[in-house]
Amino acid sequence: MKLFNRWLLSAGFLLTCFVAVAQKNKELLRLPNIPADGVPFAQIFDSRVKDASVYQKQGNKFYFIWGATKPDPIQGVTISKYFPSYRNPERHLDIEWYKKNHPDWVMYKEDKVTPAYGYIYDYGGLVPLDVSNPEVREFYLKEFMLPAVKQGYKVVAMDNVDLGNWPGAVGRYEKGKWVQLYTGKKNDKAFQENMIGWMRYLSETLNPMGVQVAANIKANSAPQDVVLRMMHSVNIWLDENGFTHTGKNITGSNWQRQFDFLKEIAPIKGYVSINQVAGAVEQTDVAQIEWVIANFLLMRGSQSLLAITPFIDKKAIYQEFHYRPEMNVIYRIACR
(Lines give C-alpha, C1' and ligand atoms only; values in the text may rest on other atoms or scores of the structure.)
Protein backbone atom coordinates (compact mmCIF):
# COMPACT_ATOMS: atom_id res chain seq x y z
CA MET A 1 0.00 0.00 0.00
CA LYS A 2 3.01 2.33 -0.26
CA LEU A 3 1.78 3.89 -3.48
CA PHE A 4 -1.62 4.45 -1.91
CA ASN A 5 -0.13 6.09 1.19
CA ARG A 6 1.88 8.50 -0.96
CA TRP A 7 -1.32 9.45 -2.76
CA LEU A 8 -3.10 10.13 0.53
CA LEU A 9 -0.26 12.41 1.67
CA SER A 10 -0.53 14.33 -1.60
CA ALA A 11 -4.28 14.54 -1.21
CA GLY A 12 -3.86 16.31 2.11
CA PHE A 13 -2.47 19.38 0.38
CA LEU A 14 -5.45 19.67 -1.97
CA LEU A 15 -8.45 18.56 0.09
CA THR A 16 -10.86 21.42 0.77
CA CYS A 17 -13.40 21.56 3.56
CA PHE A 18 -16.05 19.68 1.57
CA VAL A 19 -18.19 18.73 4.55
CA ALA A 20 -18.47 22.22 5.99
CA VAL A 21 -19.31 23.76 2.62
CA ALA A 22 -22.01 21.19 1.95
CA GLN A 23 -23.57 21.75 5.38
CA LYS A 24 -23.91 25.44 4.63
CA ASN A 25 -26.05 24.73 1.58
CA LYS A 26 -29.33 24.12 3.41
CA GLU A 27 -31.40 23.97 0.23
CA LEU A 28 -29.64 20.86 -1.07
CA LEU A 29 -31.42 17.51 -0.86
CA ARG A 30 -28.99 14.96 0.52
CA LEU A 31 -28.42 11.24 0.26
CA PRO A 32 -28.80 9.92 3.82
CA ASN A 33 -26.38 7.87 5.90
CA ILE A 34 -23.16 8.67 4.00
CA PRO A 35 -20.30 8.79 6.54
CA ALA A 36 -17.40 11.25 6.53
CA ASP A 37 -14.84 8.48 7.00
CA GLY A 38 -13.89 5.58 4.78
CA VAL A 39 -14.98 5.22 1.16
CA PRO A 40 -18.76 5.09 0.65
CA PHE A 41 -19.79 3.05 -2.38
CA ALA A 42 -22.58 2.92 -4.97
CA GLN A 43 -23.95 -0.09 -6.83
CA ILE A 44 -24.54 0.36 -10.58
CA PHE A 45 -27.70 -1.63 -11.37
CA ASP A 46 -28.55 -4.61 -9.19
CA SER A 47 -30.34 -7.23 -11.30
CA ARG A 48 -27.62 -9.83 -10.59
CA VAL A 49 -27.33 -9.09 -6.87
CA LYS A 50 -29.43 -11.79 -5.21
CA ASP A 51 -28.67 -10.97 -1.58
CA ALA A 52 -29.05 -7.29 -0.62
CA SER A 53 -27.36 -7.89 2.74
CA VAL A 54 -23.96 -7.73 0.99
CA TYR A 55 -24.27 -3.93 0.82
CA GLN A 56 -23.87 -3.57 4.59
CA LYS A 57 -21.47 -6.42 5.33
CA GLN A 58 -18.28 -4.77 4.09
CA GLY A 59 -15.88 -2.46 5.94
CA ASN A 60 -16.86 0.36 3.60
CA LYS A 61 -20.53 0.03 2.82
CA PHE A 62 -22.84 0.71 -0.12
CA TYR A 63 -25.35 3.56 0.19
CA PHE A 64 -26.91 4.08 -3.24
CA ILE A 65 -28.17 1.94 -6.14
CA TRP A 66 -28.24 3.49 -9.60
CA GLY A 67 -31.12 1.78 -11.38
CA ALA A 68 -32.61 -0.51 -8.73
CA THR A 69 -34.83 -3.26 -10.13
CA LYS A 70 -37.27 -3.22 -7.21
CA PRO A 71 -38.75 -0.45 -5.05
CA ASP A 72 -38.30 -2.58 -1.93
CA PRO A 73 -36.50 -0.59 0.80
CA ILE A 74 -33.00 -1.72 1.78
CA GLN A 75 -31.73 -0.58 5.15
CA GLY A 76 -29.14 2.17 4.76
CA VAL A 77 -29.39 2.22 0.94
CA THR A 78 -31.11 4.83 -1.24
CA ILE A 79 -32.64 3.34 -4.40
CA SER A 80 -33.20 5.07 -7.72
CA LYS A 81 -35.44 4.35 -10.70
CA TYR A 82 -33.76 4.26 -14.11
CA PHE A 83 -34.96 6.45 -16.99
CA PRO A 84 -33.29 6.84 -20.41
CA SER A 85 -32.99 10.63 -20.63
CA TYR A 86 -35.18 11.88 -23.49
CA ARG A 87 -36.29 8.45 -24.71
CA ASN A 88 -39.60 6.80 -23.79
CA PRO A 89 -38.72 4.17 -21.13
CA GLU A 90 -41.49 1.65 -21.85
CA ARG A 91 -40.98 -0.82 -24.70
CA HIS A 92 -44.68 -1.45 -25.21
CA LEU A 93 -45.15 2.21 -26.13
CA ASP A 94 -43.27 1.70 -29.38
CA ILE A 95 -42.96 3.92 -32.44
CA GLU A 96 -46.29 2.71 -33.86
CA TRP A 97 -48.06 3.65 -30.62
CA TYR A 98 -46.61 7.15 -30.75
CA LYS A 99 -47.40 7.58 -34.44
CA LYS A 100 -50.99 6.73 -33.64
CA ASN A 101 -51.40 8.62 -30.37
CA HIS A 102 -48.78 11.40 -30.29
CA PRO A 103 -47.10 11.71 -33.70
CA ASP A 104 -45.98 15.28 -32.97
CA TRP A 105 -43.80 14.16 -30.06
CA VAL A 106 -41.34 11.94 -31.97
CA MET A 107 -37.87 13.25 -32.88
CA TYR A 108 -36.39 12.30 -36.27
CA LYS A 109 -33.05 12.46 -37.99
CA GLU A 110 -32.21 14.69 -40.94
CA ASP A 111 -33.97 12.39 -43.43
CA LYS A 112 -37.27 13.19 -41.64
CA VAL A 113 -38.07 9.47 -41.56
CA THR A 114 -35.67 7.72 -39.16
CA PRO A 115 -36.41 8.18 -35.45
CA ALA A 116 -33.35 9.53 -33.60
CA TYR A 117 -33.10 6.49 -31.35
CA GLY A 118 -29.46 6.83 -30.37
CA TYR A 119 -29.30 3.16 -29.36
CA ILE A 120 -30.77 0.14 -31.13
CA TYR A 121 -31.33 -2.99 -29.04
CA ASP A 122 -32.37 -6.52 -29.96
CA TYR A 123 -36.00 -5.46 -29.48
CA GLY A 124 -35.54 -2.20 -31.40
CA GLY A 125 -35.16 1.36 -30.12
CA LEU A 126 -36.79 3.38 -27.36
CA VAL A 127 -38.83 6.15 -28.97
CA PRO A 128 -36.99 9.53 -28.89
CA LEU A 129 -39.22 12.35 -27.66
CA ASP A 130 -39.10 16.13 -27.95
CA VAL A 131 -38.45 16.94 -24.29
CA SER A 132 -38.59 20.67 -25.04
CA ASN A 133 -42.36 20.23 -25.48
CA PRO A 134 -44.27 21.00 -22.23
CA GLU A 135 -46.80 18.29 -23.08
CA VAL A 136 -44.04 15.69 -23.42
CA ARG A 137 -42.51 16.74 -20.11
CA GLU A 138 -45.82 16.46 -18.30
CA PHE A 139 -46.57 13.09 -19.91
CA TYR A 140 -43.14 11.68 -19.03
CA LEU A 141 -43.49 12.89 -15.45
CA LYS A 142 -47.03 11.62 -14.85
CA GLU A 143 -46.87 8.41 -16.89
CA PHE A 144 -43.47 7.10 -15.83
CA MET A 145 -41.92 9.01 -12.93
CA LEU A 146 -44.71 9.72 -10.48
CA PRO A 147 -45.72 6.02 -10.33
CA ALA A 148 -42.10 5.23 -9.40
CA VAL A 149 -42.15 7.91 -6.72
CA LYS A 150 -45.38 6.44 -5.36
CA GLN A 151 -43.67 3.05 -5.19
CA GLY A 152 -40.98 4.48 -2.94
CA TYR A 153 -38.09 5.54 -5.18
CA LYS A 154 -36.34 8.63 -3.79
CA VAL A 155 -34.15 9.33 -6.84
CA VAL A 156 -34.77 9.29 -10.60
CA ALA A 157 -31.68 8.08 -12.46
CA MET A 158 -31.52 9.86 -15.81
CA ASP A 159 -29.14 8.08 -18.19
CA ASN A 160 -27.31 9.47 -21.24
CA VAL A 161 -27.91 13.11 -20.34
CA ASP A 162 -25.39 14.19 -22.94
CA LEU A 163 -25.09 17.73 -24.17
CA GLY A 164 -23.80 16.49 -27.50
CA ASN A 165 -26.52 15.61 -29.99
CA TRP A 166 -25.00 12.22 -30.76
CA PRO A 167 -28.33 10.61 -31.89
CA GLY A 168 -28.48 13.20 -34.68
CA ALA A 169 -31.93 14.51 -33.75
CA VAL A 170 -33.09 17.29 -36.09
CA GLY A 171 -36.85 17.80 -35.88
CA ARG A 172 -40.40 16.53 -35.57
CA TYR A 173 -43.77 16.87 -37.26
CA GLU A 174 -46.58 19.15 -36.17
CA LYS A 175 -49.93 18.35 -37.71
CA GLY A 176 -48.11 16.75 -40.61
CA LYS A 177 -45.70 19.63 -41.24
CA TRP A 178 -41.97 19.35 -40.58
CA VAL A 179 -40.54 21.47 -37.74
CA GLN A 180 -36.76 21.69 -37.54
CA LEU A 181 -35.38 22.14 -34.02
CA TYR A 182 -31.69 21.27 -34.37
CA THR A 183 -28.87 21.20 -36.90
CA GLY A 184 -28.14 17.52 -36.35
CA LYS A 185 -24.57 18.35 -35.35
CA LYS A 186 -23.21 17.27 -31.97
CA ASN A 187 -22.41 20.79 -30.78
CA ASP A 188 -25.84 22.39 -31.04
CA LYS A 189 -26.72 25.22 -28.65
CA ALA A 190 -30.47 24.73 -29.02
CA PHE A 191 -30.12 21.05 -28.17
CA GLN A 192 -27.98 21.90 -25.14
CA GLU A 193 -30.45 24.47 -23.84
CA ASN A 194 -33.39 22.09 -24.20
CA MET A 195 -31.59 19.28 -22.38
CA ILE A 196 -30.64 21.63 -19.53
CA GLY A 197 -34.23 22.88 -19.42
CA TRP A 198 -35.52 19.30 -19.24
CA MET A 199 -33.31 18.44 -16.26
CA ARG A 200 -34.18 21.73 -14.55
CA TYR A 201 -37.89 21.02 -15.02
CA LEU A 202 -37.50 17.61 -13.37
CA SER A 203 -35.53 19.03 -10.44
CA GLU A 204 -37.94 21.89 -9.86
CA THR A 205 -40.92 19.51 -9.98
CA LEU A 206 -39.54 16.52 -8.06
CA ASN A 207 -37.36 18.17 -5.42
CA PRO A 208 -40.34 19.63 -3.51
CA MET A 209 -41.60 16.02 -3.27
CA GLY A 210 -38.33 14.99 -1.64
CA VAL A 211 -37.14 13.25 -4.82
CA GLN A 212 -33.69 13.90 -6.26
CA VAL A 213 -32.53 13.89 -9.89
CA ALA A 214 -29.33 12.00 -10.68
CA ALA A 215 -27.97 12.48 -14.21
CA ASN A 216 -25.31 10.58 -16.13
CA ILE A 217 -23.53 13.56 -17.69
CA LYS A 218 -20.45 13.32 -19.91
CA ALA A 219 -18.04 16.06 -18.87
CA ASN A 220 -16.55 16.25 -22.38
CA SER A 221 -19.84 16.53 -24.29
CA ALA A 222 -19.90 20.36 -24.43
CA PRO A 223 -17.88 23.44 -23.39
CA GLN A 224 -17.10 23.52 -19.67
CA ASP A 225 -19.49 26.35 -18.80
CA VAL A 226 -22.39 24.53 -20.48
CA VAL A 227 -21.57 21.25 -18.72
CA LEU A 228 -21.45 23.04 -15.38
CA ARG A 229 -24.88 24.53 -16.00
CA MET A 230 -26.20 21.04 -16.64
CA MET A 231 -24.57 19.70 -13.48
CA HIS A 232 -26.05 22.52 -11.43
CA SER A 233 -29.53 21.75 -12.80
CA VAL A 234 -29.61 18.34 -11.05
CA ASN A 235 -28.90 17.01 -7.56
CA ILE A 236 -26.43 14.22 -8.32
CA TRP A 237 -23.82 13.89 -11.06
CA LEU A 238 -23.19 10.32 -12.18
CA ASP A 239 -19.76 10.32 -13.82
CA GLU A 240 -19.34 7.22 -16.00
CA ASN A 241 -15.78 8.16 -16.96
CA GLY A 242 -14.49 8.39 -13.38
CA PHE A 243 -10.73 8.21 -12.83
CA THR A 244 -10.35 4.94 -14.74
CA HIS A 245 -12.36 4.29 -17.90
CA THR A 246 -12.43 1.24 -20.19
CA GLY A 247 -9.63 -0.22 -18.09
CA LYS A 248 -7.29 2.77 -18.51
CA ASN A 249 -6.39 5.41 -15.94
CA ILE A 250 -7.49 8.98 -16.67
CA THR A 251 -4.39 11.19 -16.85
CA GLY A 252 -3.10 14.47 -18.29
CA SER A 253 -5.59 17.08 -19.49
CA ASN A 254 -8.51 14.67 -19.01
CA TRP A 255 -7.60 14.26 -15.35
CA GLN A 256 -7.31 18.03 -14.99
CA ARG A 257 -10.80 18.45 -16.45
CA GLN A 258 -12.18 16.01 -13.90
CA PHE A 259 -10.46 17.90 -11.09
CA ASP A 260 -11.77 21.26 -12.32
CA PHE A 261 -15.35 20.01 -12.39
CA LEU A 262 -15.17 18.24 -9.06
CA LYS A 263 -13.66 21.10 -7.10
CA GLU A 264 -16.88 22.99 -7.91
CA ILE A 265 -19.44 20.18 -7.85
CA ALA A 266 -18.31 17.83 -5.06
CA PRO A 267 -18.62 20.35 -2.19
CA ILE A 268 -22.30 21.05 -2.87
CA LYS A 269 -23.85 18.13 -4.79
CA GLY A 270 -24.05 14.39 -4.92
CA TYR A 271 -21.37 12.70 -7.02
CA VAL A 272 -21.11 9.07 -8.15
CA SER A 273 -17.77 8.11 -9.70
CA ILE A 274 -17.92 4.98 -11.90
CA ASN A 275 -14.52 3.43 -12.56
CA GLN A 276 -14.17 0.65 -15.12
CA VAL A 277 -11.02 -1.23 -14.13
CA ALA A 278 -9.10 -3.67 -16.33
CA GLY A 279 -10.51 -7.18 -15.97
CA ALA A 280 -12.40 -8.63 -13.05
CA VAL A 281 -12.41 -6.33 -10.01
CA GLU A 282 -11.13 -9.10 -7.74
CA GLN A 283 -8.13 -9.75 -10.02
CA THR A 284 -7.35 -6.18 -11.14
CA ASP A 285 -3.82 -4.93 -10.49
CA VAL A 286 -3.73 -3.48 -6.97
CA ALA A 287 -2.02 -0.34 -8.31
CA GLN A 288 -5.10 0.50 -10.38
CA ILE A 289 -7.44 -0.02 -7.44
CA GLU A 290 -5.23 2.29 -5.37
CA TRP A 291 -5.24 4.86 -8.18
CA VAL A 292 -9.03 4.91 -8.21
CA ILE A 293 -9.44 5.14 -4.43
CA ALA A 294 -6.72 7.77 -4.01
CA ASN A 295 -8.24 10.01 -6.68
CA PHE A 296 -11.67 9.59 -5.17
CA LEU A 297 -10.41 10.60 -1.73
CA LEU A 298 -8.55 13.52 -3.25
CA MET A 299 -11.73 14.95 -4.77
CA ARG A 300 -14.62 13.57 -2.71
CA GLY A 301 -17.26 15.61 -0.94
CA SER A 302 -19.71 14.68 1.78
CA GLN A 303 -22.16 13.37 -0.84
CA SER A 304 -19.64 11.52 -3.01
CA LEU A 305 -19.83 7.80 -3.74
CA LEU A 306 -17.46 5.42 -5.50
CA ALA A 307 -18.31 2.56 -7.88
CA ILE A 308 -15.68 0.12 -9.15
CA THR A 309 -16.77 -2.16 -11.99
CA PRO A 310 -15.03 -4.63 -14.32
CA PHE A 311 -14.20 -3.88 -17.94
CA ILE A 312 -13.93 -7.18 -19.81
CA ASP A 313 -13.89 -7.94 -23.55
CA LYS A 314 -14.40 -4.26 -24.42
CA LYS A 315 -17.49 -4.02 -22.25
CA ALA A 316 -18.27 -2.53 -18.85
CA ILE A 317 -19.95 -5.08 -16.61
CA TYR A 318 -22.58 -3.55 -14.35
CA GLN A 319 -25.36 -5.25 -12.33
CA GLU A 320 -22.94 -7.40 -10.30
CA PHE A 321 -21.63 -6.86 -6.76
CA HIS A 322 -17.83 -6.58 -6.39
CA TYR A 323 -15.61 -5.98 -3.40
CA ARG A 324 -11.99 -6.60 -2.37
CA PRO A 325 -9.91 -5.87 0.78
CA GLU A 326 -8.20 -2.77 -0.67
CA MET A 327 -11.60 -1.08 -0.84
CA ASN A 328 -11.83 -1.09 2.95
CA VAL A 329 -10.10 2.23 3.62
CA ILE A 330 -10.31 4.17 6.88
CA TYR A 331 -9.87 7.83 6.13
CA ARG A 332 -11.66 10.89 7.43
CA ILE A 333 -12.31 14.14 5.56
CA ALA A 334 -11.02 17.00 7.65
CA CYS A 335 -11.05 20.76 7.21
CA ARG A 336 -7.60 22.24 6.72
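Which residues does Met 199 touch, leaving out those up to four places away in sequence? Met 158, Val 161, Val 213, Ala 215, Met 230, Ser 233 and Val 234, where touching means heavy atoms within 4.5 Å.

Okay, a quick word on what we have here. This is a predicted model, so to speak of local features we need pLDDT of at least 70, and side-chain atom pairs count only at pLDDT 80 or more, while totals for chains, interfaces and linings use all residues. Residues are numbered from 1 along each chain as its sequence is written, and side-chain values use heavy atoms, with hydrogens and water left out.

Back to the core. Met 199 and Met 158 have the most contacts inside the largest nonpolar core, which has 82 residues. By nonpolar core I mean buried Ala, Val, Leu, Ile, Met, Phe, Trp, Tyr and Cys residues joined through side-chain atoms within 4.5 Å. Buried is under 20% relative accessible area, exposed is over 50%, and partly exposed is in between, with a 1.4 Å probe and protein chains only. Helix α8, residues 286–299, gives this core its largest share, eight residues. Apart from that core lies another, of 17 residues, including Phe 64 and Tyr 318. Helices here are DSSP runs of H or I, at least four residues, and strands are runs of E, at least two, numbered from the N terminus.

Now, salt bridges: a side-chain nitrogen of Lys or Arg within 4 Å of a carboxyl oxygen of Asp or Glu. The whole structure has seven. Take Asp 130 and Arg 172, at 2.8 Å, N to O. Asp 130 sits in the loop between α3 (95–101) and α4 (134–151) and Arg 172 in strand β5 (residues 171–174), so this pair ties together parts 42 residues apart in sequence. Both Asp 130 and Arg 172 are buried.

Then there's Lys 142 with Glu 138, closest N and O atoms 2.7 Å apart. Those two are four residues apart in helix α4, so about one helical turn separates them. Lys 142 is exposed, at 52% relative accessibility, and Glu 138 is partly exposed, at 38%.

Last stop, Gly 270. Is Gly 270 buried or exposed? Buried, because its relative accessibility is 4%. Gly 270 is in strand β11, residues 270–278. Leaving out residues up to four places away in sequence, Gly 270 touches Asn 235, Ile 236, Trp 237 and Gln 303.
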